[in-house]
Each structure stands twice: as C-alpha cells, then as structure tokens.
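Here's a quick walk through the model you have open. Keep the viewer handy and click along as you read.

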Amino acid sequence: MKIFKYISLIIIFSMLFVLTYHTSQLFAVEQENVIKITAKKFEYSPNVIKLKKGVPVVLELTSLDRLHGFNCPGLSIRADINPGKVTRVKFTPVNRGTFSFFCDIFCGEGHEDMNGKIIVED
Amino acid sequence: MNIDRRDFIKLAGVCTAVLVSGQESLVFGAGDKMKNDFMFLQLSDTHWGFNNPKNNPDYAGTLKKAIKAINNTQLHPDFIMFTGDLTHTTEDPQRRRKLLSEFKDIVKELKIKDIKFMPGEHDAGLDNAQAYKEAFGETHYTFRHKDLNFIVLDNVSDPASSIGDEQLKWLGAQLKKIKHDSRVIVFTHRPLFDLYPQWDWFTRDGSKAIDLLMPFKNVTVFYGHIHQENYHMTGHIAHHAAKGLMYPLPAPGSVPKKAPVEWDPASPYKGLGYRSIEMGIKTASVKLTEYPVMEMQT
C-alpha cells in the first residue's frame, strides 16, 4: 500500500509542478508590457514613452491615416506603420537615456514635426 | 560652416579659407596655386510656397533677390544646379503643380540658361515625383561637362528616403562606363551618409551608393536638405551640404528638436545663400565660395 501512496504523491506533485509552470508562463504572457502608439499626420500618441531599463516591452504601432514610419536610431528600432494593421516591435531597453524617434516616411508638410522620445529609466 | 571635429585636421591639411567682403571661400585639394577651369553655382532648398513669416517674412522675395544678385554678378558659371526642394510640400496635387510651374517661371529670369534640376522630398515625396517629372523630367541622370562625369541621384522620390535597388543598378551601370581615375561629381538632395539619422538626415541605402563610388579616386558629392553648410568625408569621398534659400535649420543635434531657425531682424537673410564651385579638370581641386542672398558680388 505504501508504494501506491508514494506513487500517488509523485503524480500529484508532478501535476502540481506542471500546473504551476504553465500558470507562470501564462502569467508571464499576461505581464507583457504592451504600449500602444497611434500615428497620424503629423503626430504620435503618446509621443513621450517611459520605459524601465531591462524590462521587455512591446510597442504596438497603428496608423490612423496613411503609411508612416517609426525610427528610433538610439534603440535600433525601425518599422513601417501601415494603416489597418498592428505592427508589434518587441525589445528590451538595456541603457538609460532619452532616445528620440521620428517618422521616416515622408508624409506631408508637418512630417518634420512628427517625432517623440522614449525615456529609459532605472 | 559645420565641420566634424575629427574631420577638422584632415580639412586643415587640404584647404585654405579666404574671407573677402563677407564671402567665404574654401579651397580643397591644391592650395592657393591651383588653376580652376570652370565654375558652376549650387542653389538649394528654395522651398517656393513656404509662407511662414516667423522664419522668413520675405518668403516671396528671397529667391527673386538671389536671382537678381546672380544676374548682377560678374561670375560666369557654366551652369547652375538646383539640389532639390525647389518647392515647399503640399498635399494638394494641383497646388504642387502650380508651385512647380511658378518656380520654373521665376528661375527663367536667370541669365545663365544652362540650369539643371533635381527634386527634394518636398517636391517629390508625396507622389513619387509624378508632378516633378511632368515639369522637369527625369529625377536621376548623368551628364558630362568639360570631360568630367556628373551624376544626379534621386534619394527622395521614395518617401522612405531610399535610392532603391533599380536606381542603384542604374548607378552601377553608369559607373562601369567611367575609368576609376576619372573625376566623378555627384549631386543628391539628402546626405548619402548618416549625418544625423535622428533628424532624418540620411539616406536609408546611401551606403550602397557610396560603396559603388569608392573605387573612384576622385569623387565629390554636393547635396542640400539640411539648409546649412556641412563638410564630411566618407573615406576619400568628400560630401558638401549647401545653405538653403528660404530658412536655415539648426546644426545637427544642436537643439532638442529640429525646426526652422527664426528670422533675425537684426541680420536679415542670415544663414541663407548660395555657392559657386570652381573645379580644375586635370587637378583634383575644388574651390567653394559662399555668397549671401543679396550682397553685390565681385
């Protein structure tokens, strides 16, 4: 009988382990730091984004009107933002600082004002 | 004149600066004793149609004044090159055509009739140069003058600021016709190198064009876009940016946000102007002389 007890305990602990692992994975997905940014002529909203150094982040970029770009040379990020489509950019900021970003697809008279900054703090 | 610190030593070794009556000359390559064989003018970023008086209350008159000054000068350029942003951008295709047409009429007043054009992103970035081509023809081309090879590259018709594979292939084919010891002069609107990407002052695939040009011993690039003088070397290739004729822009990275410099009533037209470029045919000499908008020339 004892052997059955041990086997049962092993099975229960194994199940608990598997359950805990998957829950933690699920939790991690839920904890994904997503920042939604909309682009339209000639602004990003928000245009100031604060991030924590070392914490992974996903930028979800959408355009409300036409093709725009998202270029942040200091963080080596560049993406096209097509209207009607969500563009996801995953990265982990590794350095503190303020990094400017801008639209690098010429989009009209206010194109040169279409910019913002990412502030990475400890 | 904005010169990278690391380039200053290089520059000091090859150029001589001369200041005469407010004109600034920089001589590259052969010192004071060079003999130049011909000269052309570079005008850039005229932004016809711009109308913000905070940056230029004489927005309708500046280009015309520069043309008058050029016509009154004793300079005898062989040709004039406009390096893009002839007009200020508009989303209205009809207005775009109207501005291009007005610009064309204004520059007809120049006495020198050999005038060459190329687009900037303000002229061509919203319609892939459709209206520009109707008014001025091709956006990239070559020409020869005094046995020198001139190449005009379009890095603005693609709104993503790329030259594009097709044009790069064309460039490669053109360069195959030229001997490596021949002199090559390139005109672009945007800088081919990463001058300051944070302000969109670069060409996404500019390094590919530079790679194609590298085998040539004597290459000089003249460009606009940044509305100020700038000198930069990529290897042995010299890149010279020109002032604009509507509003100046701040030096790369000198202010948090790039924006046209406000008009200074105490120094009207400050930061605006055009330049002459004297070149030797057999020597590798280049002499740049900067002229203000209105000053009488000698």
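B:D85 is buried, since 29 other C-beta atoms sit within 10 Å, and 20 or more is what it takes to count as buried. Keep in mind that this is a predicted model.

**Confidence**

- The model scores ipTM 0.82 and pTM 0.86.
- Chain B has an average pLDDT of 90, and 87% of its residues score at least 70.

- Most residues other than glycine have a negative phi, and most peptide bonds are trans.
- Back to B:D85: this residue isn't a glycine, yet its phi is positive, at about 50°. Look for B:D85 in the loop between β5 (79–83) and α3 of chain B.
- B:S161 is another non-glycine with a positive phi, about 55° here. You'll find B:S161 in the loop between β8 (148–152) and α6 (165–176) of chain B.
- Is B:S161 buried or exposed? B:S161 is buried, because 26 other C-beta atoms lie within 10 Å and the cut-off for buried is 20 or more.

**Cis peptide bonds in chain A**

- A:K41 and A:F42 are joined by a cis peptide bond, with omega about 0°. A:F42 belongs to the loop between β1 and β2 (43–45) of chain A.
- Another cis bond runs from A:S45 to A:P46, with omega near -5°. A:P46 falls in the loop between β2 and β3 (48–52) of chain A.

**How chain A is built**

- Chain A has 1 helix and 9 strands. In sequence order the pattern is α-β-β-β-β-β-β-β-β-β.
- Of the 122 residues in chain A, 25% are buried.
- Take the contacts in chain A between residues at least 6 apart in sequence: 60% of these join residues at least 24 apart.
- Strand β1 (residues 34–40) of chain A runs parallel to strand β4 (residues 57–63) of chain A, and 6 bridges join them. In this pairing A:V34 stands opposite A:V58 in β4(A).
- β4(A) also pairs with strand β7 (residues 87–91) of chain A, this time antiparallel and through 5 bridges. Here A:L59 faces A:V89 in β7(A).

**Nonpolar cores**

- In soluble globular proteins, nonpolar side chains tend to be buried together.
- The largest nonpolar core has 64 residues. Which members touch the most others? They are B:L43, B:A66, B:F82, B:L153, B:V186, B:V221 and B:L245.
- Setting aside neighbours within four places in sequence, B:F82 is in contact with B:L43, B:S44, B:F117 and B:M118.
- Another core, of 21 residues, lies apart from that one; A:L59, A:F70, A:C103 and A:F106 are among its members.

**Helix α2 of chain B**

- In helix α2 (residues 62–72) of chain B, the buried residues are B:T62, B:L63, B:A66, B:I67 and B:I70. They cover an arc of only 135° around the axis, so they sit on the same side of α2(B).
- Which exposed residues does the face turned away from the buried side of α2(B) carry? That face has B:N71 and B:N72.
- The cover over the buried residues of α2(B) includes β4 (38–43), α3 (93–107) and β13 (274–279) of chain B.

**Around B:S207**

- B:S207 is part of helix α7 (residues 206–213) of chain B.
- With 14 C-beta neighbours inside 10 Å, B:S207 counts as partly exposed.
- B:F193 is 14 residues away from B:S207 along the chain, and their C-alpha atoms are 6.4 Å apart.

**Where the chains meet**

- The contact takes 13 residues from chain B and 10 residues from chain A.
- On the chain B side that touches chain A, there are 4 nonpolar, 5 polar and 4 charged residues.

How values were computed
Residues are numbered from 1 along each chain as its sequence is written. Chains are lettered from A and ligands numbered from 1 in the order in which they are written. This is a predicted model: local features need pLDDT of at least 70, side-chain atom pairs count only at pLDDT 80 or more; totals for chains, interfaces and linings use all residues. pLDDT is the predictor's confidence in each residue, from 0 to 100. Helices (H or I, at least four residues) and strands (E, at least two) are DSSP runs, numbered from the N terminus. A residue is buried if 20 or more other C-beta atoms lie within 10 Å of its own, exposed if 12 or fewer, and partly exposed in between; C-beta atoms are placed from the backbone. Two residues are in contact if their C-beta atoms, placed from the backbone, lie within 7 Å. A nonpolar core is a set of buried Ala, Val, Leu, Ile, Met, Phe, Trp, Tyr and Cys residues joined through C-beta atoms within 7 Å. Ala, Val, Leu, Ile, Met, Phe, Trp, Tyr, Cys and Pro count as nonpolar, Asp, Glu, Lys and Arg as charged, and the others, Gly among them, as polar. The arc is that of the directions from the helix axis to the C-beta atoms. Two strands pair if DSSP finds at least two bridges between them.
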